[in-house]
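Colleague: Before we look at anything in detail, could you take me through how such features are read, one by one?

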Amino acid sequence: MTKVIKVNPLYPELDTLKVAVNVIAQGGLVAFPTETVYGLGADCFNKKAVLKIFKVKGRPPDNPLIIHICNIKQFEDLSKDVPEEAFTIIKKLWPGPLTVVVKKSSLVIDEVTASLPTVAIRMPAHPVALKLIELSKTPIAAPSANLAGRPSPTTINHVISDLMGLIDLIIDGGDTLFGVESTIIDLTTKPPTLLRPGPITVEDIERILGIKVKIPKYAKGLHEASVALAPGMKYRHYAPKARMILIELNNYENLNPLINKVREEVLQNLDKGVKVGILCSNETIKFYKDLNVIKISLGSRKNKYEIARNLFKALRKFDELNVDLIIAEGYEEKGLGLTIMNRLRKAAGFNIVKLS
Ligand code: TXA
Ligand code: MG
């Protein structure tokens with residue numbers, strides 16, 4: 001039986017949160033809101049509870065979890081040999097949508113880190129997440145609260161649709177703010193390596209550290225890694241049930257080639273009797289008016305936060321509507337655009353058409 005409890009996302013009621021604290025203390029699983037996406041949490045020191053997370057999600061055991069904390073003491077307890085850059089960056093960006101990978105202390109159990117010598121740690125900025133960790137008096141290990149391979153949950157309905165009946169408790173704190181998972185930066189390498197782009201941009205991190213960050217191909221969503229260092233590197237991720245084709249441009253100043261290619265793909269597939277959907281933007285949707293297909297706009301290209309926030313919701317919407325094939329538009333890779341493209345490329349399973 002899964003219980004769903006509602007809290008005020010800004011001022012969570014303590015009595016209500018105590019129900020969740022009890023579940024964590026007894027080794028149970030709690031889905032809770034963060035500012036990025038919903039997380040599926042357990043006491044990070046409870047081996048049985050951590051293993052349950054993997055089982056419930058159907059998550060491969062070599063894909064490690066992020067530990068969520070509420071103060072710097074917990075960070076110090078869980079890590080060792082922390083480089084100066086780590087403190088520079090977390091002082092500026094925590095609490096917030098940034099995860100740092102550092103060497104782990106002996107307190108961290110192997111089940112959380114998939115036996116890696118490092119650990120991923122994040123202090124979330126969401127009042128419900130922070131208060132839950134604080135009242136639980138233990139850091140909380142939590143992946144995104146979706147079934148493995150599905151788009152991360154940004155609304156309570158997403159969590160319910162994936163995990164109802166499988167976990168102990170779901171805390172309803174409304175829609176999440178950013179709608180994409182945290183930025184992950186590996187600080188054990190020199191220079192630091194971006195493992196997953198997120199709401200905090202590489203440009204932000206480089207400005208704070210005063211050095212260039214390494215951006216591997218897989219962080220752009222372009223290549224699979226042989227080990228699961230960040231989600232989607234090794235496994236198909238953020239995936240809608242529908243097939244997806246992503247149309248990319250070199251230069252997004254002139255959108256005409258993009259619009260024309262989307263139209264061409266749609267018409268070709270409609271001819272074959274495929275149920276097609278278009279994932280577009282406020283600037284382009286009018287050019288598809290005559291096409292008798294489902295269109296979802298992610299928002300204005302001028303507001304990348306809006307595009308990111310609506311992305312996973314849109315992918316799940318296409319599934320609800322039983323679309324077979326999604327034709328998706330690309331975005332400029334700058335700033336938050338890199339995060340959006342990482343998610344889109346992975347959702348497309350590397351099914352990309354690049355126009356010059
Ligand atoms: O925004 C977020 O980060 C959300 C919310 C709930 O905090 N969490 C999230 O967790 O997206 P998850 O499990 O879906 O993605 C975390 C990824 C793991 O898949 C893993 O690849 C990477 O973080 N990771 C964890 N530990 C790592 C480590 N020691 N080294 C490299 N990557 C690691
Ligand atoms: Mg995930």
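Modeller: Let us begin with the naming of elements: helices (H or I, at least four residues) and strands (E, at least two) are DSSP runs, numbered from the N terminus. This is a predicted model, in which local features need pLDDT of at least 70 and side-chain atom pairs count only at pLDDT 80 or more, while totals for chains, interfaces and linings use all residues. Residues are numbered from 1 along each chain as its sequence is written, and side-chain values use heavy atoms, with hydrogens and water left out.

Colleague: Where is the place of P95, and which residue does a cis peptide bond join to P95?

Modeller: Most residues other than glycine have a negative phi, and most peptide bonds are trans. Here, P95 lies in the loop between α4 (84-93) and β6 (98-104), and a cis peptide bond with omega of about -10 degrees joins W94 to P95. A cis bond also runs from K190 to P191, with omega near -5 degrees, and P191 sits in the loop between β10 (183-186) and β11 (193-196). As for phi, D81 is not a glycine, yet has a positive value of about 50 degrees; D81 is in the loop between β5 (79-80) and α4.

Colleague: At what angle do α1 and α6 pack?

Modeller: Two packed helices are described by the angle between their axes and the distance between the axes. Helix α1 (residues 14-25) and helix α6 (residues 127-136) pack at about 60 degrees, with their axes 9 Å apart. That angle makes α1 oblique to α6, given that angles under 35 degrees count as roughly parallel, over 145 as roughly antiparallel, 65 to 115 as roughly perpendicular and the rest as oblique. The contact (heavy atoms within 4.5 Å) is made by residues including L17 and V21 of α1 and L132 and L135 of α6.

Colleague: How do the axes of α10 and α11 cross?

Modeller: The axes of α10 and helix α11 (residues 336-347) come within 9 Å and cross at roughly 15 degrees, which makes α10 roughly parallel to α11. Among the residues that meet are I307, L311 and L315 in α10 and I340 and L344 in α11.

Colleague: Which helix gives the most to the lining of the second largest pocket?

Modeller: Rolling a probe the size of a water molecule over the atoms shows where empty space is left. In the lining of the second largest pocket, α10 gives the most, with five residues, and α7 (156-163) and α10 (304-320) each supply at least two. The lining includes R150, H158, K241 and R316.

Key. Chains are lettered from A and ligands numbered from 1 in the order in which they are written. Axes are lines fitted to C-alpha atoms, for helices over the stretch in contact, and angles run from 0 to 180 degrees between N-to-C directions. On a 1 Å grid over the protein atoms alone, a cavity is a set of points where a 1.4 Å probe fits but cannot get out, and a pocket is an open set with protein on both sides within 12 Å along at least five of seven lines; lining residues have an atom within 4 Å of a point.
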